[in-house]
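Please study the sequence and structure before reading each solution.

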Amino acid sequence: MTTSSERERVLELQDLIISSESVAEFLGHLSSLAATTLSRESGSTVEVGVTLKRRRRTDTVAGSSPHAVKLDRIEQQMGDGPCIAALRVKSTVLLGDVRSDPRWPAYQAELEKIGCYSTLGVPLEIGEDSSAALNFFAGETNVFTEAVVREAEDFADIAGRALRLAVRLGSAQNLADDLKAAMQSRTSIDLACGVIMGQNRCSQDEAMAILGKVSSHRNQKLRVVAEEMLANISGAKVSTHFDG
């Protein structure tokens with residue numbers, strides 16, 4: 001059963017999707033909301049970085065602050081740590097105290113130098129060829145108690161669904177842009193065919209064949225040949241329009 005706090009969080013994330021102009025911008029807003037949520041739950045200041053994994057490469061793509069981005073990038077430079085491990089095993093990975101945990105000594109030493117003493121990596125599922133993780137950082141040890149970890153995982157579950165939606169909407173927009181560009185190209189070709197039909201008193205198929213021969217002879221795309229032809233006739237660069 002969905003609680004009122006979960007509904008509020010879903011609405012917050014939906015608002016972020018609507019207000020963000022790109023998936024990258026959405027991830028920036030998401031990291032800030034995650035930091036606010038975990039800081040409130042833990043009673044400590046928590047910063048958040050977002051790591052994206054595509055194929056075998058991981059990279060820091062967003063953070064709740066410039067310091068959070070710096071912290072997240074340390075792990076990318078080292079090549080391993082809680083966040084990268086979380087992406088690998090697709091499960092939450094906790095580093096409760098950088099001074100006593102034996103798993104990533106070099107990485108933990110770098111964190112200690114800049115006053116970060118505990119981290120938490122929580123994976124987000126995006127799709128088959130990519131995934132992401134939230135990397136939580138705190139300036140104290142043992143901040144991420146069972147209750148705080150549970151809150152982080154609940155947040156990540158809802159955030160992951162929102163992120164998948166944001167990615168799909170972004171892909172849909174790219175597809176719409178591609179279709180619009182294709183329709184604009186088609187308009188140029190149709191206009192050029194009309195000119196050829198008028199000049200040669202031929203059919204549309206014959207005009208398209210003529211345009212195709214010129215394209216092949218010049219080793220240029222059909223659209224480019226059509227646009228150059230229209231520009232030569234009009235004496236200016238031709239701009240086609242398609243209202244999609």
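**Exercise 1: Two packed helices**

Step 1. Helix H3 (residues 66–78) packs with helix H5 (residues 105–113) at an angle of about 155°, and their axes are 10 Å apart. Axes are lines fitted to C-alpha atoms over the stretch in contact, and angles run from 0 to 180 degrees between N-to-C directions.

Step 2. H3 and H5 are therefore roughly antiparallel to each other (an angle over 145 degrees).

Step 3. The contact (heavy atoms within 4.5 Å) involves Leu71, Ile74, Glu75 and Met78 of H3, together with Ala106, Tyr107, Glu110 and Leu111 of H5.

The model is predicted: local features need pLDDT of at least 70, side-chain atom pairs count only at pLDDT 80 or more, and totals for chains, interfaces and linings use all residues. Residues are numbered from 1 along each chain as its sequence is written, and side-chain values use heavy atoms, with hydrogens and water left out.

**Exercise 2: Helix H4**

Explain why helix H4 is largely enclosed by the rest of the structure.

Step 1. Pro82, Cys83, Ile84, Ala85, Ala86 and Leu87 of H4 are buried (under 20% relative accessible area, with a 1.4 Å probe and protein chains only).

Step 2. Because 6 of the 8 residues of H4 (residues 82–89) are buried, the helix is largely enclosed by the rest of the structure.

Terms used. Buried < 20%, exposed > 50% of the residue type's maximum accessible area, 1.4 Å probe, protein only. Helix = DSSP H or I, 4+ residues; strand = E, 2+ residues; numbered from the N terminus. Parallel < 35°, antiparallel > 145°, perpendicular 65-115°, else oblique.
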